Amino acid sequence: LGGFMKLAELYTTDLHEDGAEVEIVDGSGEKTGLFLKVMGIDSSVFRSHTKKQQRAYIDALRTGEEFDDEKYTIEALVSATIDWRGTDEKFSKELCEELYLKAPYIKDQVDRFMADRANFIPAKPKK
């Protein structure tokens, strides 16, 4: 009888809202000591940016205007970045946006990290 799971064990939004840290590696794969704390793709912040991007894309298709998906990606990643450590520069959304724009390899690492739901789920104790 005790083998059933609770549905709440499957919930991810709170875990994704709390965020997780990713350590950035440089262009040669070396750890930098810079850690970015980001929310996951199941967070309400990221999901609302995804909806905004989808609406803008549909509008661009309708009007024939250019659609800059890179702009929306960076905007979503910045909004989902909570903090950082490993630098003496104080975290701000402006500096974060500059980092993602001027170091695309960092933006790509954060994007991949956020998309992997396993990064936001605590390890289950081994039985």
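The model is predicted: local features need pLDDT of at least 70, side-chain atom pairs count only at pLDDT 80 or more, and totals for chains, interfaces and linings use all residues. Residues are numbered from 1 along each chain as its sequence is written, and side-chain values use heavy atoms, with hydrogens and water left out.

**Overall view. The protein has 5 helices and 3 strands.** Helices (H or I, at least four residues) and strands (E, at least two) are DSSP runs, numbered from the N terminus. The order from the N terminus is α-β-β-α-α-β-α-α. The C-alpha trace spans about 60 × 40 × 25 Å along its principal axes. Of the 127 residues, 31% are buried. Buried means under 20% relative accessible area, exposed over 50%, and partly exposed in between (1.4 Å probe, protein chains only). The accessible surface comes to about 8800 Å², and carbon and sulfur atoms hold 53% of that surface. These areas come from the Shrake-Rupley method with a 1.4 Å probe; for residues, only the protein chains shown count as cover. Contact means heavy atoms within 4.5 Å. Among contacts with a separation of 6 or more, 57% join residues 24 or more positions apart.

**Close-up 1. Helix 2 meets helix 3.** Two packed helices are described by the angle between their axes and the distance between the axes. Here helix 2 covers residues 44–63 and helix 3 covers residues 69–80. Their axes come within 9 Å and cross at roughly 165°. Axes are lines fitted to C-alpha atoms, for helices over the stretch in contact, and angles run from 0 to 180 degrees between N-to-C directions. Helix 2 and helix 3 are therefore roughly antiparallel. The classes are: under 35 degrees roughly parallel, over 145 roughly antiparallel, 65 to 115 roughly perpendicular, and the rest oblique. The crossing of helix 2 and helix 3 is right-handed. A crossing is left-handed if the near helix is turned anticlockwise from the far one by less than a right angle, and right-handed if clockwise. Helix 2 contributes V45, F46, H49, K52, Q53 and A56. Helix 3 contributes D69, Y72, T73, E75, A76, L77, S79 and A80. The residues of this contact divide into 7 nonpolar, 4 polar and 3 charged. Ala, Val, Leu, Ile, Met, Phe, Trp, Tyr, Cys and Pro count as nonpolar, Asp, Glu, Lys and Arg as charged, and the others, Gly among them, as polar.

**Close-up 2. Helix 3 packs against helix 5.** The angle is about 65°, and the axes are 11 Å apart. Helix 3 and helix 5 are therefore roughly perpendicular. Helix 3 passes helix 5 in a left-handed crossing. E70, T73, I74, L77 and A80 of helix 3 meet K107, V110, D111 and M114 of helix 5. By class, this contact has 5 nonpolar, 1 polar and 3 charged residues.

**Close-up 3. T73 is a buried residue of helix 3.** Its relative accessibility is 19%. Beyond four places in sequence, T73 touches Q53 and D111. The C-alpha atoms of T73 and K107 are separated by 9.1 Å, although the two residues are 34 residues apart along the chain.

**Close-up 4. Helix 4 packs against helix 5.** Helix 4 covers residues 93–102. The axes are 5 Å apart, at an angle of about 105°. That makes helix 4 roughly perpendicular to helix 5. L99, Y100, L101 and K102 of helix 4 make the contact with P104, I106, K107 and V110 of helix 5. By class, the contact has 6 nonpolar, no polar and 2 charged residues.

**Close-up 5. K107 and Q109 sit in helix 5.** Helix 5 covers residues 104–115. K107 is buried, with a relative accessible area of 7%. Leaving aside neighbours within four places in sequence, K107 is in contact with E70, I74, L77 and Y100. Q109 counts as buried at 12% relative accessibility. With the neighbours within four places again left out, Q109 is in contact with E23, I24 and V25.

**Close-up 6. L34 is a buried residue of strand 2.** Strand 2 covers residues 31–38. The relative accessible area of L34 is 15%. Not counting residues up to four places away in sequence, L34 touches V22, E23, I24, W84, R85, G86 and T87. L34 and W84 are 50 residues apart along the chain, and their C-alpha atoms are separated by 7.2 Å.
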